[in-house]
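Here is a briefing for a reader new to this structure. Have the sequence and the model open while you read.

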Amino acid sequence: MTPELMQQVLRFNLFHILQASACSQGAGVAAKGLTSLAYEGHYFWDMEIYVMPFLTYTAPRIAKNLLLFRYSMLDKARQRSREVNQNGALFPWRTINGEEASAYYAAGTAQYHIDADIVYALKKYVEATGDEEFLFKEGVEILVETARMWYSFGFFSKRKGGQFCIHGVTGPDEYNTVVNNNTYTNLMARENLWYAAKTVETLREQNPDWFTVLVHKTNLELSELENWKKAADNIYLPFDEQLEIHLQHDGFLDEEVWDFENTPASKYPLLLHFHPLVIYRHQVIKQADIVLAMFLLGHEFSLEQKQRNFDYYDPLTTGDSSLTVCIQSIVAAEIGYMEKANAYARYAVLMDLGDVAGNVKDGCHIAAMGGTWMVLVYGFGGLRDDNGRLSFHPRLPKTIKRLQFPLTIRGQRLEVDIDRQSVAFSNGRRGNLR
């Protein structure tokens, strides 16, 4: 694919995201945007993890609207958490009005990581915009209730040396359901717990009046903060010492590896040709799971760990989900696998216009479209925004000589211009900040 064609396709993708999100007051961005009635217009975690990054850095007003939309669902999330016998709030896996609409709990409702995904997007928005008013008035209430959910859901396991474990969940990968200690879920829950405790402490110190309001709304007790920090500090992350890889979940390596060699192309996606119970018994991956964790929380992994994890899990990943190739491309670029990164990028960018999955008749994949922006900015542009600190480590493939994109940070527009020799930054008024 030529750079010119990639640019045209990317613009097509971003047009659909902007069209679907432009009037988002009181609503979210549906999985198919405005292109189809598939999924009945429901909202998933796609909105926070794949669409929000683009909006946060290019249209922060719309990003805030989406977070306020989630906040408007908080009471129903509290009710949902009580229905599944937990404290706090559990946001619905699939919804249009705040109520859970998933009909299949194993690959749907059991994806408790939705709480941490929303908090992750909230944190990134606040760091990029500096919008502490939203954080302290609405966001912190979401943080308190989601932290409560995780603390009530997990437990300190004597068999794991007193570490905090989370059992009976489904991670992003829907080919491995209702498992114990899904690494992605545990890592994201830890971020949720840490951020909740830190934000409440900051609010108490900086704005006692708003803190009083929070306590009144949530009946918060300060002892809860210590509980959250203790759980986060002691979270259990399954790791295999022999292979030196993070496990997708407890027992993943005990499962039989899927027979890819004798599975013809006509049998993909697997979920349409094999009973779920057959799939669940094998080492096979529909959606990036460990690889996604390595992108979202990259500071938690060394470069060597990322490479070992990628080398193990990439061959097990089917490509049955449109949400996977963009993440594979980003991490492949980071560890230096540029040919693979470029191949996955083409796959991601052409998902709809090229009808890669053969199902564009059912509508565009809005989350995958957001993923194409991430491929260019996080993958080839090398942007990393860990804990509010931005850095760039570009990794341009042979086919791209120059990459330019704008970012909106703290209300200021930053133009990023990358070539093979350097990275230049401009605020549009003062020239280059090379």
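**Helix packing**

- H5 passes H6 in a left-handed crossing, a term for a near helix turned anticlockwise from the far one by less than a right angle, with clockwise giving right-handed.
- Helices (H or I, at least four residues) and strands (E, at least two) are DSSP runs, numbered from the N terminus.
- The axes of H5 and H6 (residues 132-153) lie 10 Å apart, and the packing angle is about 155°.
- Axes are lines fitted to C-alpha atoms, for helices over the stretch in contact, and angles run from 0 to 180 degrees between N-to-C directions.
- H5 and H6 are therefore roughly antiparallel to each other (angles over 145 degrees count as roughly antiparallel, under 35 as roughly parallel, 65 to 115 as roughly perpendicular and the rest as oblique).

**Basis of the model**

- This is a predicted model, in which local features need pLDDT of at least 70 and side-chain atom pairs count only at pLDDT 80 or more, while totals for chains, interfaces and linings use all residues.
- Residues are numbered from 1 along each chain as its sequence is written, and side-chain values use heavy atoms, with hydrogens and water left out.

**The three-stranded sheet**

- An open sheet of 3 strands runs in the order S9-S10-S11, with antiparallel pairing.
- Two strands pair if DSSP finds at least two bridges between them.
- S9 and S11 (423-426) are the edge strands, each with a single partner, so one side of each has no neighbour in the sheet.
- Direction ignored, neighbouring strands of this sheet are turned by 20° against each other on average.
- S9 and S10 pair over 8 bridges in the antiparallel sense.
- Opposite Arg402 stands Asp419 in S10.
- The hairpin of S9 and S10 has 2 residues between the strands, and Arg410 there takes a positive phi near 50°.
- S10 (residues 412-419) also pairs with S11, antiparallel, over 4 bridges.
- Val416 has Phe425 in S11 as its bridge partner.

**Pockets**

- A pocket is an open set of points on a 1 Å grid over the protein atoms alone, with protein on both sides within 12 Å along at least five of seven lines; a cavity is a set where a 1.4 Å probe fits but cannot get out; lining residues have an atom within 4 Å of a point.
- Grid points are joined across faces, edges and corners, and a volume is the space filled by probe spheres set on the points.
- The largest pocket holds about 1,100 Å³ of space.
- Its lining has 43 residues, and Tyr39, Glu174, Leu271, Lys286 and Asp320 are the closest to the centre.
- Helix H10 (276-280) and helix H15 (366-380) are the elements that give two or more residues to this lining.
- By class, the lining of the largest pocket has 27 nonpolar, 9 polar and 7 charged residues.
- Ala, Val, Leu, Ile, Met, Phe, Trp, Tyr, Cys and Pro count as nonpolar, Asp, Glu, Lys and Arg as charged, and the others, Gly among them, as polar.
- The second largest pocket holds about 580 Å³.
- Of its 22 lining residues, Gln7, Leu10, Leu403, Gln404 and Phe405 are the closest to the centre.
- S9 gives the most to the lining of the second largest pocket, with 7 residues.

**Cavities**

- The structure holds 4 cavities of 30 Å³ or more.
- The largest cavity has about 150 Å³ of space.
- Among its 16 lining residues, the closest to the centre are Pro53, Tyr120, Lys124, Tyr378 and Asp385.
- H2 supplies the largest share of the lining of the largest cavity, 6 residues.
- That lining has 10 nonpolar, 1 polar and 5 charged residues.
- The second largest cavity has a volume of about 70 Å³.
- H5 brings the largest share of the lining of the second largest cavity, 4 residues.
- The lining of the second largest cavity divides into 3 nonpolar, 2 polar and 6 charged residues.

**Backbone details**

- Tyr39 is not a glycine, yet has a positive phi of about 65°.
- Tyr39 is found in the loop between H1 and H2.
- The peptide bond from Tyr268 to Pro269 is cis, with omega near -5°.
- Pro269 lies in the loop between S5 (256-257) and H10.
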